[in-house]
Amino acid sequence: MDIQTIDAALLSKMFLAGAKNLEAKKEWINELNVFPVPDGDTGTNMSMTIISAAKEVAAVEKPVMKDLAKAISSGSLRGARGNSGVILSQLFRGFTKTIKHYDEIDKIVLCESFQKACETAYKAVMKPKEGTILTVAKGAAEKALELSCDDSYNMEQYIAAIIAEAERVLALTPEMLPVLKQAGVVDSGGQGLVEVLKGAQDAFLGKEIDYTIEAAPASSGVVKISAQTEAEIKFGYCTEFIIVLNKPLTEAEEDEYRAFLQSMGDSIVLVADEEIVKTHVHTNDPGLVLQKALTFGSLSRIKIDNMREEHQEKLIKDAEKLAKEQEKEAEEKAKAAAGPKKDMGFIAVSIGEGVNEVFNGLGVDYLIEGGQTMNPSTEDMLNAIEHVNAEHIFIFPNNKNIILAANQAAMLVEDKDIIVIPTKTIPQGISAMINFIPEQSPEENRENMLEAIAAVKTGQVTYAVRDTVIDDKEIKEGDYMGIGDSSILSVGADREDVTKDMVAQMIDEESSFICIYYGEEVLPEAVNALQKYFENTYPECEVEVQFGGQPIYYYVISVE
């Protein structure tokens, strides 16, 4: 085999193979997470990020490098979830900044692409930490630079040497981060990157690979029919497609297009950026809708379903929940659009019925379901931003693994001022909203909120999914863990004892308030007993109990 350059067709196969390999290894990568919590999700986040891009790549027929680069960059940026997913998307973004200028990639271009990928990813992280996916990417880029002008290496050997160096650096990550060494694992994000590279290498070598990428799941915005009878369906055709724009839509053009869709049907979802417009509408004349869309650009991923067909009845049960969610989104969007534009609006990531009620009661305009158990994507953030009719919009990620996705969304929005408050926990997000003062400016409120969240300590109680040692604590599978803002505070076999010990380490002489958000599996009598214990043990503190309804985490407790 003597392939010295990579054309767009081969790169497409390499990217899809990398995505498939990561998808196949995601559960194993999840298990590499340092904290043995039941929602360890690095593999899932990275997989969902790259699969989002892979769907865009798979839709490119007869690819040329420029179109392929756009699909990889746009798809991964919008689909990015979690810190690892955002960093992976930034690596792809940097990589495609170089390749889009070439028809074929040789060793020199590949080297330049690796350098730009690494540079872009490092810039995206405010405080880069070595011993992570960034370090593995840097090791690969440095090896690419070292060997780029060595004529003794052909392309096959060059790629193999780069991947071998990435694996070598990955193996060293436990020496760079003591927490990895103590847990006995390598960095999970770095492992994910290596799996992408190895999958791409397999495609380059011509190995037999299934390049099929499954259609997007319903949760990505596809709306199926609700449980209506044929007579109740006013508009019979569920019509979905993507417009690849000839040029970016002006605000007036977007408003005119939305008004046209409203005249043609209902259940309208319209998501636009500079390059594409995703459209969903229920209408009786999909042909006219498609004709209108063609005036803005070419169409792809066209899907038209006849909602009156009896054979779709089996889909109704699964679709009911999705239809209600879509209806709620449409109502919220219509409500926002109907009123005057507000000065300041709010978006919060939330999970659990009780927590949702708290945020709604504090005036949050839009809630993104997610958090610990499923990190929202950048596109989820962009969709939320579209629903809030305000000049300045505050976003509360409420999880350290969602902050980068929120920041990435903020960078993609041009017509609104997006202010990301880096809340790492639900209690921090609630405290930020409590400290909002309508009479003050957005910047003054930002400062108030940052000061407020700095005073919040958060502890969360869950269970361990494997044996490990971390923070000098020996943890057995099934143990309860009390996790503080930066470390595991307590471990044991009794949930309430672990919770009490955790809070004891959070309390200091300045503490005056304890709030317990209890999860969906906790009985009221258990949390009432815990409340009485804290009231008796810390008489100087006010103790409040709030139903959170969150899964996996039995208690989320704040101390202020």
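Val456 is buried, its relative accessible area being 4%. The model described here is a predicted one. Val456 sits in the loop that runs between helix H17 (442-454) and strand E11 (457-463). When neighbours within four places in sequence are set aside, the contacts of Val456 are Pro427, Gln428, Ser431, Asp485, Ser558, Val559 and Glu560. One of these residues, Asp485, is 29 residues from Val456 in sequence, and the C-alpha atoms of the two are 9.6 Å apart in space.

The protein as a whole has 560 residues, of which 54% are buried. Its secondary structure consists of 19 helices and 18 strands.

Ser350 belongs to strand E7, which covers residues 342-350. The relative accessibility of Ser350 is 1%, and Ser350 therefore counts as buried, the cut-off being under 20%. A polar contact of 2.5 Å links the side chain of Ser350 to the side chain of Asn356. Asn356 is also listed among the residues that Ser350 touches beyond four places in sequence, together with Val355, Phe359, Leu367, Ile368, Glu369, Gly370 and Ile426.

Helix packing was examined for H4 and H6. Helix H4 spans residues 82-99 and helix H6 spans residues 133-147; their axes lie 10 Å apart and form an angle of about 25°. The two helices are therefore roughly parallel to each other, because angles under 35 degrees are classed in this way. The crossing of H4 and H6 is right-handed. On the H4 side the residues that meet the partner helix are Ser84, Ile87 and Leu91, and on the H6 side they are Ile133, Leu134 and Ala137. The residues of this contact comprise five nonpolar and one polar, with no charged residue.

Gly189 is located in helix H9, residues 188-204. With a relative accessibility of 6%, Gly189 counts as buried. The C-alpha atoms of Gly189 and Ser84 are separated by 5.7 Å in space, while the two residues are 105 residues apart in sequence. Apart from neighbours within four places in sequence, Gly189 contacts Thr42, Met46 and Ile133. Ile133 is also one of the H6 residues that meet H4.

Backbone geometry was considered at two further positions. Lys62 is not a glycine, yet its phi is positive, at about 45°. Lys62 is placed in the loop between helix H2 (42-58) and helix H3 (65-79). The relative accessibility of Lys62 is 82%, so this residue counts as exposed. Arg301, likewise a residue other than glycine, has a positive phi near 55°. Arg301 is part of strand E6, residues 297-306. At 37% relative accessibility, Arg301 counts as partly exposed.

Technical notes
Residues numbered from 1 in each chain as written. Predicted model: local features only at pLDDT ≥ 70, side-chain atom pairs only at ≥ 80, totals over all residues. Heavy atoms only, no water. Helix = DSSP H or I, 4+ residues; strand = E, 2+ residues; numbered from the N terminus. Buried < 20%, exposed > 50% of the residue type's maximum accessible area, 1.4 Å probe, protein only. Polar contact = N/O pair within 3.5 Å; in protein donor to acceptor, adjacent residues only side chain to side chain. Contact = heavy atoms within 4.5 Å. Axes fitted to C-alpha atoms, helices over the stretch in contact; angles between N-to-C directions. Parallel < 35°, antiparallel > 145°, perpendicular 65-115°, else oblique. Left-handed = near helix turned anticlockwise from the far one by under 90°. Nonpolar A, V, L, I, M, F, W, Y, C, P; charged D, E, K, R; others polar.
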